[in-house]
Amino acid sequence: MANAELKTAPLPKEKQVDKWALENEYLAKEYDVNKKYVFQLAAENLDWIKPVMEVTGNKTRVLEKRQFKPYQNLVMSSQIVWKGSRVNIRYYDGCETIFVADQPKDKDLIDQLIKSTTKRSFLDGNLIIEGYDTQLLRFLDICSWNVESPFRTNTANGIFLAMNPDKKATIESTKLDNIEKALKLATDATDAKMMIHSAYLGLSIIDQISGNSLSPKEIRAAYRKKALEDSTNFINTYGNKLIEIKYYIEKALQDGTISNKLNPNKASWKSGTEITDISGLVSRDAIADRLLEFSQSEEGAEFLIQLKAIYS
Amino acid sequence: MPSEIVRGATGQPGPIAYPSGITTGIFNELNFVIPDYIPGIIAKYGNSSYMLAMEILGRTTVETVNTTTNTFSHFEKGRPFGSGLVAQDVTSSVAGVAINITLKSPQSYNNTAGTQSPFLLRQVVKIRSNGRKFRVTNITRTAGAFVIEATPLGTYTLITGNSGTTLKAGEGLETFGNQLAGESSDTQGTQQQQMYRYDNTATVLRASVKSSDLAGMNKTQIDFGGGQFYEPTLAIQTMNQNMMMNIEDAVMEGVPSDNTSDNGTDGVLPVVETRGSEVDYVQYQFAIGDFQNLTNVLDANGGPREYHFLQDLKQRQDINNLLFGIYKNGAISYGSVGGDMKESVTYGFNGFSTDTFDFHFHRYKGFTPEAVFGYTPTQGDYRAFFGLAVPQGMVQDAKDNTSRPMMQWVYQQNPDITAGQRIYSWSLGYTQPTKTSVAENTYNQIAYVGSRVLAAEQFCILRGIIS
């Protein structure tokens with residue numbers, strides 16, 4: 001019995017198939033023969049210290065920065081991590097597989113395939129492939145040069161990525177959705193909420209020319225504009241409780257409801273009731289930060305209640 | 001005369017007896033044993049050959065010039081022959097009948113606004129896929145979407161290839177002048193090459209060495225070079241070497257900073273990466289096809305016949321391996337590329353000619369961290385298997401009709417400093433002409449330098465990539 005082999009139960013069939021589900025998914029991927037697929041260089045050109053100028057007659061104007069280098073060839077062989085190990089892939093025009101292990105081994109035939117394969121390159125950063133070049137598209141999708149390939153090796157140079165129109169459309173749609181959402185929040189926010197959020201967003205509440213305080217209507221116009229300009233940040237910070245509390249603290253420090261007049265090392269209410277220790281802090285920002293920190297602690301719960309009672 | 005006082009005899013008891021003989025213990029009492037040493041100082045990692053691009057390539061490929069302003073410029077002109085691309089499919093089913101072709105943006109336009117293109121009325125234009133010609137009989141200049149009315153010169157359709165009825169999107173259209181002006185012809189439109197101005201700035205490089213009085217006045221037994229036995233010499237030499245490499249890296253790789261207080265400089269490599277081309281190959285698998293990729297690109301961009309490669313050693317080895325055909329499947333053998341038996345023994349090509357181009361290979365240490373810094377990168381190396389193809393060019397200066405190399409190191413000159421002095425050195429301290437109260441000396445160096453690449457389109461990067 002001691003030498004008896006340990007028998008393990010075989011994995012259910014479904015699990016065996018699942019193990020290489022991603023590989024199988026990529027192998028089964030279909031391409032639209034009537035479409036063109038675009039791949040783009042991953043590295044964009046750096047900004048120059050001085051822009052390139054175009055000279056036309058007596059005018060000189062700045063030329064738009066070129067996003068990509070004019071030419072870079074496509075290397076059509078690569079190593080990938082496929083079904084748990086490193087394998088070689090290579091694309092030849094007309095060859096029915098990109099896996100080197102399954103490709104012809106005859107040297108003359110390989111030479112012939114190499115010679116008859118069209119060279120491809122990224123022109124101004126873009127490589128356009130016809131939808132019927134399925135093996136080439138498969139190579140581009142899974143090779144290690146593709147920075148988005150799930151099969152790339154850790155050491156590979158990242159050369160390009162696929163320009164996926166769906167992905168691009170989703171990104172654009174999300175951006176538009178965010179703008180709509182931010183504008184709605186900016187329109188519907190109560191005046192009090194708008195004032196708090198505007199202060200956080202750095203919007204001025206006074207007219208810079210006359211020095212008059214801006215009316216809620218004027219502030220709201222700027223507030224909505226801000227929602228349009230940076231909708232993601234607007235949404236992320238809208239209704240943030242910490243921002244509100246900090247606004248109340250800064251307001252209290254500004255109007256003297258909280259101060260350190262009685263004892264420079266203690267923040268106190270106007271009545272003289274001590275709030276917390278602020279030893280060593282001089283600037284109003286630092287004191288506000290300390291009070292915010294205190295408001296979030298257990299000992300600061302009462303302070304928070306009092307603050308809200310005054311301002312909200 | 002009284003005789004001198006004779007001192008009593010001394011020296012007793014005389015010699016020491018060593019019953020066991022003399023041992024090295026006796027040296028404990030002899031402090032001044034004559035040392036045997038090499039009086040110079042040995043460079044552990046080789047003599048400091050700077051391997052500067054200018055030294056490697058010579059003054060006909062890189063030159064040093066002066067500027068009196070921090071920003072320096074040059075002008076280039078574009079291609080003289082105009083072309084465009086078809087924006088979308090156009091049907092042409094009736095022979096000899098005009099069709100309207102919209103020009104693709106941005107390729108068919110000289111400017112971003114899409115208001116300039118090379119197309120003119122009455123031009124003859126050739127379709128690249130089949131060579132068929134048409135005449136431009138009308139142009140509607142809608143920004144970014146010029147529509148040209150294309151009238152065939154004969155009774156044929158304007159299509160892509162030789163079958164079907166479609167002129168396909170992306171088809172190339174090449175402009176020529178009026179080839180069919182006919183009798184009593186009138187003036188034609190005007191074309192002029194696009195002109196560009198390229199600006200760059202000189203960056204400021206500094207280096208210093210400080211030495212205390214005692215560090216500078218204790219003579220050692222080591223000659224630090226030039227008969228200098230005082231230790232600060234070594235630090236000054238290090239400063240010199242670092243300054244040279246500092247300048248080299250600044251002009252080659254650039255100093256990408258531009259703010260109100262200081263400007264860097266655009267380096268040769270970033271400029272070539274932006275304006276020139278790149279040919280990639282798989283590391284250790286450089287093949288003749290890769291050379292052909294390279295020559296195709298150089299040819300397309302009007303490169304001169306002769307190129308100098310600055311390469312890291314690994315790429316140089318890749319090329320040697322190819323040229324000598326040591327692999328079983330090697331593409332060529334040394335005999336077929338003009339080598340001889342002697343070269344096959346030395347196993348290293350200095351030059352190679354193919355496809356009407358002559359290449360010269362130079363190992364450039366600056367790309368290799370192992371050689372410069374003494375470590376092997378483990379997290380990636382952006383200059384591994386890297387080479388820069390520099391045109392051996394003498395471009396014609398339109399102003400004075402002289403020829404000049406295509407790479408320049410541009411030094412900004414201070415009028416108070418002797419003309420032509422690239423690196424200015426000065427010192428101050430308690431033994432220097434300018435005295436300080438502290439008993440120490442400070443040695444300083446400064447250089448104001450930037451790079452200029454002429455016609456960077458003709459340069460090319462060759463890079464071995466790995467997966």
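**View 1. Helix 9 of chain A crosses helix 11 of chain A.** Helix 9 covers residues 241–255 and helix 11 covers residues 301–311; their axes come within 10 Å and cross at roughly 75°. Axes are lines fitted to C-alpha atoms, for helices over the stretch in contact, and angles run from 0 to 180 degrees between N-to-C directions. The two helices of chain A are therefore roughly perpendicular (under 35 degrees is roughly parallel, over 145 roughly antiparallel, 65 to 115 roughly perpendicular, the rest oblique). Helix 9 contributes A:Ile245, A:Tyr248, A:Ile249, A:Lys251 and A:Ala252, while helix 11 contributes A:Leu304, A:Leu307 and A:Tyr311. Contact means C-beta atoms, placed from the backbone, within 7 Å. These residues divide into seven nonpolar, no polar and one charged. Ala, Val, Leu, Ile, Met, Phe, Trp, Tyr, Cys and Pro count as nonpolar; Asp, Glu, Lys and Arg as charged; the others, Gly among them, as polar.

This is a predicted model: local features need pLDDT of at least 70, side-chain atom pairs count only at pLDDT 80 or more, and totals for chains, interfaces and linings use all residues. Residues are numbered from 1 along each chain as its sequence is written, and chains are lettered from A and ligands numbered from 1 in the order in which they are written.

View 2. Helices (H or I, at least four residues) and strands (E, at least two) are DSSP runs, numbered from the N terminus. Two strands pair if DSSP finds at least two bridges between them. In chain B, strand 2 and strand 11 (residues 195–201) pair over seven bridges. Here B:Ser73 stands opposite B:Asp199.

**View 3. Chain A touches chain B.** The contact joins 31 residues of chain A to 33 residues of chain B. On the chain A side, strand 2 (53–56), strand 4 (71–73), strand 5 (77–82) and helix 3 (107–116) each supply at least two residues. That side divides into 13 nonpolar, eleven polar and seven charged residues.

**View 4. Strand 4 of chain A pairs with strand 15 of chain B.** The pairing is parallel, over two bridges, and strand 15 covers residues 277–282. A:Tyr71 stands opposite B:Ser277.

Note on methods. Two residues are in contact if their C-beta atoms, placed from the backbone, lie within 7 Å.
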